[in-house]
Structures are given as C-alpha cells and as structure tokens.
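Visitor: I'd like to learn how to read a model like this one, feature by feature. Could we put it up and start with a single residue?

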Amino acid sequence: MVSPAYLIGAGAAVGAVLRYATNQYVDGVAARRRFPYGTFTVNVVGSFVLALVTFLGAGTDVLYLIGTGACGSYTTFSSFSVDTVRLWETGDRLLAGWYAAANFLGALGGIGLAFGVSTL
C-alpha cells in the first residue's frame with residue numbers, strides 16, 4: 001500500500017510538467033492574443049480528466065494520483081484569477097468578463113463531455 005502523500009506528490013509532479021508544456025504550446029500557437037488561452041485550456045482539459053476518472057468510478061488511489069495530484073497541479077484557479085484581474089485593470093473589462101464566463105462554461109462543458117464519454 002502506497003501512502004496517499006506519495007501518490008499525490010507523483011501526480012502533482014506529472015501535472016505540473018504537463019501544465020507547463022500545455023501553456024508553452026498553446027501560448028506559442030495563440031501568440032499576440034490578449035485572451036489567456038493557456039490557462040483556459042488547462043482548466044477545461046483538467047475538468048474533463050477529473051470528471052472522467054470520477055464518473056468511471058476510479059478508486060481512492062487513482063483519485064489521489066490523478067485527481068488531487070495531477071489535476072490539482074495541472075489546473076489553476078490562481079492564474080485564472082490573476083489573468084481576470086489583470087484584464088480588468090488594463091481596461092479589457094469585456095474580455096475579463098468573457099474570460100471568466102468562458103472558463104466556467106468550458107469547465108462545465110468538459111464535465112458534461114466526460115459524463116457522456118463515461119456512459120458509452
């Protein structure tokens with residue numbers, strides 16, 4: 001039996017590297033855009049993955065590894081909050097509102113998609 005701390009730590013290491021790689025790739029593709037596509041992408045994908053393992057009935061160890069560890073470090077509420085405030089403070093208030101709504105709706109969409117996939 002592996003300690004939950006080791007599972008969470010291992011998952012967090014993988015999730016952090018994946019988050020960095022995703023941000024690098026997405027920011028490279030969406031360069032010169034004010035919308036923070038990198039943070040948006042990791043939050044939507046992370047919501048999908050966490051919901052999928054949950055709907056598929058993953059056990060406690062898998063939830064520690066993927067849910068708390070990997071998805072916990074892959075997704076980012078803090079960057080989302082800072083991005084939103086930064087857009088607001090620079091005068092892009094409409095974009096800040098759209099960004100906040102897109103993150104929320106995107107995450108819910110990811111969860112809905114995971115539910116659909118899990119019932120196939």
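Visitor: Is Asn 103 buried or exposed?
Guide: Burial is read from relative accessible area, and under 20% counts as buried. Asn 103 has 6%, so this residue is buried. Keep in mind that we're looking at a predicted model.

Visitor: Where does Asn 103 lie, and what is Asn 103 in contact with?
Guide: Asn 103 lies in helix α5. Leave aside the neighbours within four places in sequence, and the contacts are Thr 39, Phe 40, Asn 43 and Phe 80.

Visitor: Phe 80 makes me think of cores. Which residues make up the largest nonpolar core?
Guide: The general idea first: in soluble globular proteins, nonpolar side chains tend to be buried together. Here the largest nonpolar core has seven residues: Phe 35, Phe 80, Leu 87, Leu 95, Ala 96, Tyr 99 and Ala 102. Two elements, α4 (77-89) and α5 (93-118), each give two or more residues to this core. The most come from α5, which gives four.

Visitor: What does Leu 95 touch?
Guide: Not counting residues up to four places away in sequence, Leu 95 touches Arg 34, Phe 35 and Leu 87. Of these, Phe 35 and Leu 87 are core members too.

Visitor: And Arg 34? What does Arg 34 form a salt bridge with?
Guide: For a salt bridge, you look for a side-chain nitrogen of Lys or Arg within 4 Å of a carboxyl oxygen of Asp or Glu. Arg 34 pairs with Asp 92, and their closest N and O atoms are 3.5 Å apart. The pair links distant parts of the chain, 58 residues apart: Arg 34 sits in the loop between α1 and α2, Asp 92 in the loop between α4 and α5. A search of the whole structure finds one salt bridge.

Visitor: How do the two partners score on accessibility, buried or exposed?
Guide: Take each partner separately. Arg 34 has 59% relative accessibility, so Arg 34 counts as exposed. Asp 92 has a relative accessible area of 18%, so Asp 92 is buried.

Visitor: What about a residue that is neither buried nor exposed?
Guide: The relative accessible area of Tyr 37 is 32%, which means partly exposed. Tyr 37 touches Val 26 and Ala 30, again not counting residues up to four places away in sequence. For a sense of distance, Tyr 37 and Phe 77 are 40 residues apart in sequence, with 14 Å between their C-alpha atoms.

Visitor: Which residues of helix α3 are buried?
Guide: Run along the helix, residues 60-74, and you'll find Gly 67, Gly 69, Ala 70, Cys 71, Ser 73 and Tyr 74 buried. Their cover includes α1 (4-29) and α2 (37-55).

Visitor: Let's zoom out. How many helices and strands does the protein have?
Guide: Five helices and zero strands. Buried residues make up 34% of the 120 residues. The C-alpha atoms fill a box of roughly 50 × 30 × 25 Å along the principal axes.

Visitor: How do I read contacts across the whole chain?
Guide: Look at sequence separation. Among contacts between residues at least 6 apart in sequence, 72% join residues at least 24 apart.

Visitor: And the surface and charges?
Guide: The accessible surface comes to about 7400 Å², and 69% of that belongs to carbon and sulfur atoms. As for charges, there are 6 positive and 5 negative, and their mean positions are 10 Å apart.

Terms used. Residues numbered from 1 in each chain as written. Predicted model: local features only at pLDDT ≥ 70, side-chain atom pairs only at ≥ 80, totals over all residues. Heavy atoms only, no water. Core = buried A, V, L, I, M, F, W, Y, C linked by side-chain atoms within 4.5 Å. Buried < 20%, exposed > 50% of the residue type's maximum accessible area, 1.4 Å probe, protein only. Contact = heavy atoms within 4.5 Å. Areas by Shrake-Rupley, 256 points an atom, 1.4 Å probe, with all protein chains shown as cover. Lys, Arg positive; Asp, Glu negative; His and termini not counted. Charge placed at Lys NZ, Arg CZ, Asp CG, Glu CD.
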